[in-house]
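Subject: Structure handover and notes

Dear colleague,

I am passing on the structure that we spoke of, and my notes follow below it. Please keep the model open while you read, so that each residue can be looked up as it is mentioned.

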Amino acid sequence: MKHLAPAYYGAFTCLADRCRDNCCIGWEIGIDPDTAAFYDSFPGETGDWLRSGITPPGTDRCFLPDAGGRCRFLNEKNLCTAYLRVGEQAMAEICREHPRFHNWYADVLETGLGLCCEETARLILTTPGPFTLTGLPDCPDEAEEPDPFLTVLRTVRKMVFRFLEDPALPLAERLRRLTGLGWTLQHHLADPAGLPALCRETLAKPAALSPLTEADGRELLTAARELERLSDEWEALLTLGESTPSAFLSPSAGPEEEAELSRIGVYLIYRYFLPLALDGDLCSPLCFPEAALRLIRGLWQRGGAVQPTERQRIAQLFSKEIEYSEENREEFCQAALSWCARQSRPHQEV
Ligand code: SF4
């Protein structure tokens, strides 16, 4: 089976001890069954040492954090002592894979880099477009014939990539049209063959949505505030945003910021559009970017994120707090859907 990844994939190397935000700190890191079995059966004093750093059999298997929330195997240089002492076999699947993600389709495996990591946030925000996929060594899984719906969705996705990246329209307008596209395609799911033409036509004209108001900005922030929060830094940013909900509706940003935001949008589409659309949900993966990018852009503004590294940090925090918590992501997507639905009422009645 073919194996594809974004062109920037090969440029990723974990920053390890140079990372300001090590991903082995502040999370509950789950252990897959094979690695748990390896730890459970490792002999001798080293086995006892390995087991002292994880939860016991019969419980949810994960690495135990110390009082500061650091994985107990992390040394003072932020390097993994389980790896240093035992080797790669002591690394759980998540430790080997993070921050990569994989989406399997009938004929292709698509891999990507998640936005939650300091280095990938830099790569995603700064790699100039157009977004392209490059071949990795083939995946051993056998390829199947893609069904026609998958082929149609790929055509739609390609159009969305190009549309999001094209600076001919202000980003705010591109996002409005994308949200409108989600509703339109969802209502025409019964005619899959017609979706590419409908996509082209919908993106070419202003969205039939009500204009955004300050109440919409407040609602977006409230949706983010109601989710479980992991870090004080994120909490502080959301608090800053409260005083000016209109920041979340900014009509436009500078060209550099708009390009960065559109690359985050492309990342979200690459990661979520096909898996959700194949299950019949075209609306939420096309509405999610507008809600996410308006939130990130508003927090850039309120947080005074002038430097690219500050903007990358806020995008990474968004990903860690909302995208990488399944519960938070689902709730935020639901909120984004009803947020967009309220502005789409005139369209729905068509
Ligand atoms: S956040 Fe990224 S760069 Fe930092 S330690 Fe984790 S994988 Fe490495």
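This is a predicted model: local features need pLDDT of at least 70, side-chain atom pairs count only at pLDDT 80 or more; totals for chains, interfaces and linings use all residues.

Residues are numbered from 1 along each chain as its sequence is written.

The sheet

Two strands are said to pair if DSSP finds at least two bridges between them, and the element names come from DSSP runs numbered from the N terminus, with helices (H or I) of at least four residues and strands (E) of at least two. Along β3, lysine 2 stands opposite valine 108, and leucine 4 stands opposite glutamate 110.

On β3 there is also strand β2 (residues 100-104), which pairs with β3 in the antiparallel sense over 5 bridges, and here arginine 100 has leucine 113 as its bridge partner. A hairpin of 3 residues joins β2 to β3. Strand β1, in turn, pairs with β4 in the antiparallel sense over 4 bridges, with proline 6 opposite leucine 133 in β4.

Taken together, these pairings give an open sheet of 4 strands in the order β2-β3-β1-β4, with mixed pairing. The edge strands are β2 and β4 (133-136), each of which pairs on one side only, and the twist from one strand to the next averages 30 degrees. Helix α11 (residues 255-278) lies across β1, β2 and β3, and runs at about 30 degrees to β2. Such angles are taken between N-to-C directions, from 0 to 180 degrees, with axes that are lines fitted to C-alpha atoms, for helices over the stretch in contact.

Helix pairs

The axes of helix α6 (residues 148-165) and helix α8 (residues 195-203) come within 9 Å and cross at roughly 15 degrees. The two helices α6 and α8 are therefore roughly parallel to each other, given that angles under 35 degrees count as roughly parallel, over 145 as roughly antiparallel, 65 to 115 as roughly perpendicular and the rest as oblique. In their contact (C-beta atoms, placed from the backbone, within 7 Å), Val152, Thr155, Val156, Met159 and Phe163 of α6 meet Leu195, Pro196, Cys199, Arg200 and Leu203 of α8. By class, the contact of α6 with α8 has 8 nonpolar, 1 polar and 1 charged residues, where Ala, Val, Leu, Ile, Met, Phe, Trp, Tyr, Cys and Pro count as nonpolar, Asp, Glu, Lys and Arg as charged, and the others, Gly among them, as polar.

For helix α12 (residues 283-302) and helix α13 (residues 308-323), the axes come within 10 Å and cross at roughly 135 degrees, which makes α12 oblique to α13. Their contact brings Ala292, Leu295, Ile296, Leu299 and Trp300 of α12 together with Arg311, Ile314, Ala315 and Phe318 of α13, and the residues of this contact divide into 8 nonpolar, no polar and 1 charged.

The ligand and some backbone details

Which residues are around the ligand? They are Cys14, Leu15, Ala16, Cys19, Asp21, Asn22, Cys23, His98, Pro99, Cys117, Glu118 and Glu119, where a residue is near a molecule or strand if its C-beta atom, placed from the backbone, lies within 6 Å of it. This shell divides into 7 nonpolar, 2 polar and 3 charged residues.

Alanine 16, in the loop between β1 and α1 (33-41), has a phi near 45 degrees, which is a positive value in a residue other than glycine. Histidine 98 and proline 99 are joined by a cis peptide bond with omega of about 5 degrees, and proline 99 lies in the loop between α4 (93-97) and β2. The peptide bond from glycine 129 to proline 130 is cis as well, with omega near -5 degrees, and proline 130 has its place in the loop between α5 (118-126) and β4.

Technical notes. Two residues are in contact if their C-beta atoms, placed from the backbone, lie within 7 Å.
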